[in-house]
Amino acid sequence: MASNVQGNVGYDPLPLTNDDHPTNSLYNAPPSPSSASFHTPQLNPTDLGVDSAGFPLGAAQPRFLGAALYDDAGAPQARNSYASTHNTNLFGGGSEYNGSVYALNDTLGATPLNHGPYAGGYRDDPTESFGNHAMSPMGPPRGRLIEEKRAVYAPPRVKSKRNIIILAALAAFLLIIFAIVIPIYFAIIKPHSNKNSDTDTSDSTVKPSATTTGAPTVAAVVTGGDGSKVTMDDGTTFIYHNSFGGHWYWDENDPFNDGARAQSWSPALNETFRYGIDKIRGVPALFEPYLSNTQPAVDEWTLSEAMRSDTANGGITQLEDHYKTFITEKDFAEIAGAGLNYVRIPLGYWAIEVRDGEPFLEKTSWIYFLKAIKWARKYGIRINLDLHAAPGSQNGWNHSGRLGTINVLNGPMGYANAQRTLDYIRILAEFISQPQYSSVVTMFGILNEPQGPTVGQDALARFYMEAYNIVRNAGGIGENKGPFISFHDGFLPRSQWAGEFPNADRMSIDTHPYICFGTQSSAPMSSYKNTPCTTWGGLVNTSSANLGLTTAGEFSNAVTDCGLWLNGVNLGTRYEGTYPGSGQSVGSCSTWTDWQNWDAPTKSAIKNFALASMDALQSLTYFSHQDYFFWTWKIGNSSVTGKVETPHWSYQLGLENGWMPTDPRAAIGFCGNTDPWSPPLAAWQTGGAGAGDIPASVTSALAWPPATLSTGGPVVSLPAYTPTGTVVTLPVPSFTQSSKTTATINAGSGWANSADTAGMFVAIPTCSYLDPWIGPTASPPSPLCSSAAHRRSEPSEPNLTPTPSA
């Protein structure tokens with residue numbers, strides 16, 4: 001690779017053995033193409049092929065080695081650098097940010113390079129004799145990567161002629177054997193102990209090695225990229241498809257390695273996710289057998305009851321069978337391959353415990369959440385953990401666990417249920433704030449869709465403030481200390497939340513912009529092309545500057561409420577006039593659900609709506625640059641029809657059938673927003689200076705608990721629990737290490753803050769309590785506490801909570 005410019009010296013091969021790297025790193029990478037056949041033609045920066053061009057499947061790509069453009073042996077020739085995987089621009093011409101010249105010179109935060117396709121480009125020739133474009137000057141460091149390259153290719157020591165001849169012969173022999181493999185740098189960053197260093201997006205697989213007996217054995221493959229084979233826990237395999245430069249990493253002996261990357265543009269898990277700059281892009285067959293029951297299964301409560309009675313088919317274990325098969329590791333791999341870097345995972349409180357005969361399958365979903373953490377880590381995906389169901393229900397809808405009434409911050413049991421809920425927030429926060437998990441579970445939605453118009457903003461804000469204190473007590477104040485705290489707007493205007501929590505450390509407001517639950521229309525899908533742009537984009541308000549990060553925690557492609565049980569089991573649809581109080585029918589839903597017969601224009605119209613939605617959420621959040629979560633990744637097939645009956649809600653189905661974009665970045669600019677917000681967020685909004693410095697006047701005004709609750713009355717007259725119980729600690733995962741590994745894996749204790757020793761809220765033996773789902777119209781026990789305490793039973797039929805007005 002040496003130039004023939006007079007005065008140049010030979011460079012030693014890349015010294016791969018100088019650092020302490022794991023044996024499953026580059027040294028076991030597949031061989032490169034033979035040196036005899038390798039040739040890199042001259043290319044323009046915008047003509048570069050895909051990242052894998054010229055490399056075998058799974059092979060690592062050079063980190064900073066340019067592609068040779070000239071093979072002439074004549075006059076001196078300079079060459080441009082190979083395009084950086086991390087910075088490829090798919091949507092335009094040559095960009096100064098595309099190539100390794102940009103990466104090597106670390107220009108972020110400094111004056112950019114001159115414009116034009118590289119303005120002549122970075123040159124490996126350190127002279128100024130070719131086009132007046134010199135290599136970056138020697139001397140004081142201009143950037144870590146360019147200095148690293150200089151250090152790696154430092155000139156050798158002065159040697160005797162004899163030594164030079166010997167070394168030259170040896171070098172020629174090694175070059176024939178190793179060809180291109182030698183210059184390749186590490187595919188995966190040093191494991192775990194070096195969490196703040198940079199990583200590239202290369203792939204690496206493991207070659208067979210020999211045992212002492214000479215019998216060949218194959219080392220476990222721990223990493224790979226597009227086209228690599230993945231072996232799952234059950235031994236089955238699949239091919240990983242990721243055309244976006246992402247790579248997976250999993251080593252059972254090193255289970256907390258965070259080197260995986262979802263895509264080249266998404267920070268690896270061991271790199272800082274710059275909220276406000278880096279973009280968040282995230283994603284009934286169980287009920288049908290029980291529709292003829294005296295009490296049909298309409299929510300997880302009644303489903304659990306029905307399953308427990310159905311012993312002939314396995315009882316409640318049927319639900320675990322669903323957990324095992326519905327979402328698997330392959331889904332996480334496909335999510336990364338779809339260009340998405342976050343998943344929002346709903347969790348019911350029964351993942352932790354149940355009380356007083358609550359029929360939910362206790363603790364089992366936690367086991368599968370731990371699997372989700374493992375799979376997310378393996379594919380470089382971050383998790384937004386969402387507490388989706390609270391005891392008593394925070395919204396009265398079926399997805400809160402039980403359809404009926406609102407009993408959190410509302411009614412006679414509203415305070416006691418809120419106490420339990422805060423305990424569950426605390427238990428989850430203590431687990432995910434442990435350093436072993438905090439790099440994966442980076443956001444915590446503390447309560448999904450509480451009914452703000454019912455419970456009132458004052459009570460809800462106080463609850464949020466108390467939850468904030470609990471989460472920050474677990475992990476601490478400041479960047480990377482525990483998760484971002486996401487609170488739902490409670491179906492209240494975001495302008496009402498502006499300035500509510502000034503200087504709160506890493507709080508994010510969550511909004512769920514749907515248009516399908518309002519007035520129905522028979523207009524064709526194509527007529528909705530710009531609806532998200534004009535509807536959601538116009539919702540920008542002062543919350544952006546005062547609240548910080550805003551995410552659209554749920555949205556879908558639905559423009560009508562057509563879809564099997566979308567509004568609830570057997571509740572009908574507004575579109576067909578069968579939903580309670582919906583009025584006249586607009587038409588038949590078959591057009592909207594018969595996705596197997598959709599034509600190309602229909603699919604194109606849905607895709608345009610999806611692109612508009614994604615881009616409009618940039619205007620909606622205004623500062624979060626398309627921070628959104630599509631609801632949902634997958635919809636199960638109906639056990640009656642054998643197909644998905646709510647197609648507008650399945651991202652995966654859309655990808656498979658052509659109505660979702662294969663690259664979510666294609667949405668950028670779809671709405672034509674000419675004046676988007678420019679990052680970054682304020683320092684305190686991302687854990688920097690001022691974070692946590694909430695004025696005392698604010699904390700006093702939002703002191704917990706509220707004096708009164710909606711329809712419940714004064715809190716002092718309502719049932720309450722006492723913090724004297726034994727705290728539930730969530731179990732940590734276990735790992736099967738290699739017999740040759742002596743290091744002990746520390747999976748944590750389940751509790752981040754050992755100083756947090758307060759008890760759990762439990763019932764006082766001498767006090768009376770109502771059923772947690774009693775409903776808001778019941779009267780509190782009187783007296784509350786006596787020597788003959790009792791628990792009043794629940795109502796036999798729940799009331800239906802209406803959908804809040806938009």
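Buried means under 20% relative accessible area, exposed means over 50%, and partly exposed falls in between (1.4 Å probe, protein chains only). Helices (H or I, at least four residues) and strands (E, at least two) are DSSP runs, numbered from the N terminus. This is a predicted model: local features need pLDDT of at least 70, side-chain atom pairs count only at pLDDT 80 or more, and totals for chains, interfaces and linings use all residues. Residues are numbered from 1 along each chain as its sequence is written, and side-chain values use heavy atoms, with hydrogens and water left out.

Start with strand β10, residues 441-445. Five of its five residues are buried, so the strand is largely enclosed by the rest of the structure. Two strands pair if DSSP finds at least two bridges between them. β10 pairs with strand β9 (residues 382-389) in the parallel sense, over four bridges. Here Asp386 has Gly445 of β10 as its bridge partner. β10 also pairs with strand β11 (residues 484-488), again parallel, over three bridges. Met443 stands opposite Phe484 in β11.

β9, helix α8 (residues 414-432) and β10 make a right-handed β-α-β unit. A crossover is right-handed if, with the strands pointing away from the viewer, the path from the first strand over the helix to the second runs clockwise.

## Three disulfides

A disulfide is a pair of cysteine sulfur atoms within 2.5 Å. How many does a search of the whole structure find? It finds three. Counting bonded cysteines along the chain, the pattern is 1-4, 2-3, 5-6.

Cys533 and Cys671 form a disulfide with their sulfur atoms 1.9 Å apart. The torsion about the S-S bond is about -75 degrees, so this disulfide is left-handed. The pair links distant parts of the chain, 138 residues apart. Cys533 lies in helix α11 (residues 531-535), and Cys671 lies in the loop between α15 (651-657) and α16 (696-701). Cys533 is buried at 17% relative accessible area, whereas Cys671 is partly exposed at 24%.

Cys562 and Cys589 form a disulfide with sulfur atoms 2.0 Å apart. Its S-S torsion is about -75 degrees, so it is left-handed. Both cysteines lie in the loop between β13 (550-555) and α13 (590-593), 27 residues apart. Cys562 and Cys589 are both buried.

Cys767 joins Cys785, with an S to S distance of 1.8 Å. Left-handed or right-handed, given a torsion of about 90 degrees about the S-S bond of Cys767 and Cys785? This disulfide is right-handed. Cys767 sits in the loop between β18 (760-762) and β19 (769-770), and Cys785 in the loop between β19 and β20 (791-792). They are 18 residues apart. Cys767 counts as buried at 9% relative accessibility; Cys785 is partly exposed at 43%.

Cys516 is buried, with a relative accessible area of 0%.

## Aromatic pairs

Rings of Phe, Tyr and Trp (its six-membered ring) pair if their centres lie within 6.5 Å; planes under 30 degrees apart count as stacked, over 60 as edge-to-face and the rest as tilted. The structure holds 38 aromatic pairs. Among them, Tyr349 and Phe360 have ring centres 5.9 Å apart and planes at 85 degrees, so the pair is edge-to-face. Both residues lie in the loop between β8 (342-348) and α7 (364-378), so the pair ties together parts 11 residues apart in sequence. Tyr349 and Phe360 are both buried.

Tyr575 and Trp592 also form an edge-to-face pair, 6.2 Å centre to centre with 75 degrees between the planes. Tyr575 lies in the loop between β13 and α13 and Trp592 in helix α13, so the pair ties together parts 17 residues apart in sequence. Tyr575 is buried at 4% relative accessibility, and Trp592 is buried at 8%. Elsewhere, ring pairs link Trp250, Phe256, Trp366, Phe369, Phe431, Tyr437 and Phe735 into a cluster.

## Charges over rings

A charge sits over a ring if NZ of Lys or CZ of Arg is within 6 Å of the ring centre and within 35 degrees of the ring normal. The charged end of Lys378 sits over the ring of Trp248, 5.2 Å from its centre. Lys634 lies over the face of Phe326, 5.4 Å from the ring centre.
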